[in-house]
Amino acid sequence: MNAQINKQLIDNWTRVKSSMLDGSRDLSENDERILTWKITNNKLCEYKHPIFEDMQTCMDIKIEGQSIKASALAFYEIEKLTSDSLVVISRINGETSGDKIKKIWFVRTSTFRNEYLSKIKSDSTITASRYFTPTLKKNIFPDIFDRYPNDFHIIGNIIIYPKKHIVNIQHENTNQSKKSLESIEFLKSTLEKNYHLWNLEGFENFDQVSIPFNIENETKYIDSFQGATMSFIFFKSELKSQNKIPVKIENKFLSNETFFKGIKAVDDKKLDKAIELFNKAFELNNTNTDALYNIVSISLSKNDVTTACTALKKLKDFEQTEGTKIFNEKCLKN
């Protein structure tokens, strides 16, 4: 049985969905991020970007029974494994809360490729998708910022001609792109110079492959500190989540520090101060749902239903199963 599982597992798998075990929304999930697993007999590599192959982390694993063991304390429980799908539960020793245990659904990556190829039939010119795209062995885009550190915004398509071994770009003629002509030209020359870094397996027989992109470099000032951020977004139109409140992590360290100050305030019987601190912890990191649950617990102990329901509404909006259940019980009739 174990040998059969090994044989079925060894492949590339692409995530299509994740949630917490109790059905709550997975707040660590970034809707613009792909997750692909490459599993071999003794290694699992996670690829977290559709284009850049070097954005990966690998771990040694051991496949035993229905488990993919990553360490002595953590493993993936295989809940389902078929010819084209894989469902795993991320288990950590000692963790039993359903809203802290992640469940991930995967589809065999080759299934996406075969479905895509069946749709385009005999087309020689195609537009790549995040599930079927050429990839770069190395992220070469930071070179643009090193050369042109000023703000710029480029929207367009990377155009690859596999049979001619040529790469080019098309860009929108916006005011922003006109201001960024030097950056655009440098991007074009960088892509041309690094054509050899493209992995075009599966695309060799197409005349033209287009990859939509949106690159933005922005200088930000926080007090007297100047910093710059560069974002590379591909296939954005496919990744828009509907009616989801976005994850916002302003300062995770400060959020945790504030959270523990709230715990101390509870121990000191300073409940109003604790609520204030837990609210601040959530503002700094809105994935910190424990802060909201603590507000609910304190408020209900004080018979302050209004404050409790404000926190419960946030938990409901973030699709947290237990919070939604309590909201329905305590707040809908008030």
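I began with the cover over the buried residues of α6 (buried: under 20% relative accessible area, 1.4 Å probe, protein chains only) and found that it includes α7 (271–284) and α8 (289–301). Contact here means heavy atoms within 4.5 Å, and helices are DSSP runs of H or I with at least four residues, strands runs of E with at least two, numbered from the N terminus.

I noted that the model is predicted, with local features needing pLDDT of at least 70, side-chain atom pairs pLDDT 80 or more, and totals for chains, interfaces and linings using all residues. Residues are numbered from 1 along each chain as its sequence is written, and side-chain values use heavy atoms, without hydrogens and water.

I looked up the buried residues of α6: Ser-255, Thr-258, Phe-259, Gly-262 and Ala-265. Seen down the axis of α6, they fall within an arc of 115 degrees (directions from the helix axis to the C-beta atoms), so they line one face of the helix. On the face turned away from the buried side I found the exposed residues (over 50%) Phe-253, Phe-260, Lys-264 and Asp-267.

I then checked the ends of α6. At its start, a side-chain oxygen of Asn-251 reaches to within 3.3 Å of the backbone nitrogen of Phe-253. After α6 comes Lys-269, with a positive phi near 65 degrees.

Finally, I turned to the lining of the largest pocket (lining residues have an atom within 4 Å of a point of the pocket's 1 Å grid, an open set with protein on both sides within 12 Å along at least five of seven lines, 1.4 Å probe). The largest share of this lining, four residues, comes from α6.

Conventions: Polar contact = N/O pair within 3.5 Å; in protein donor to acceptor, adjacent residues only side chain to side chain.
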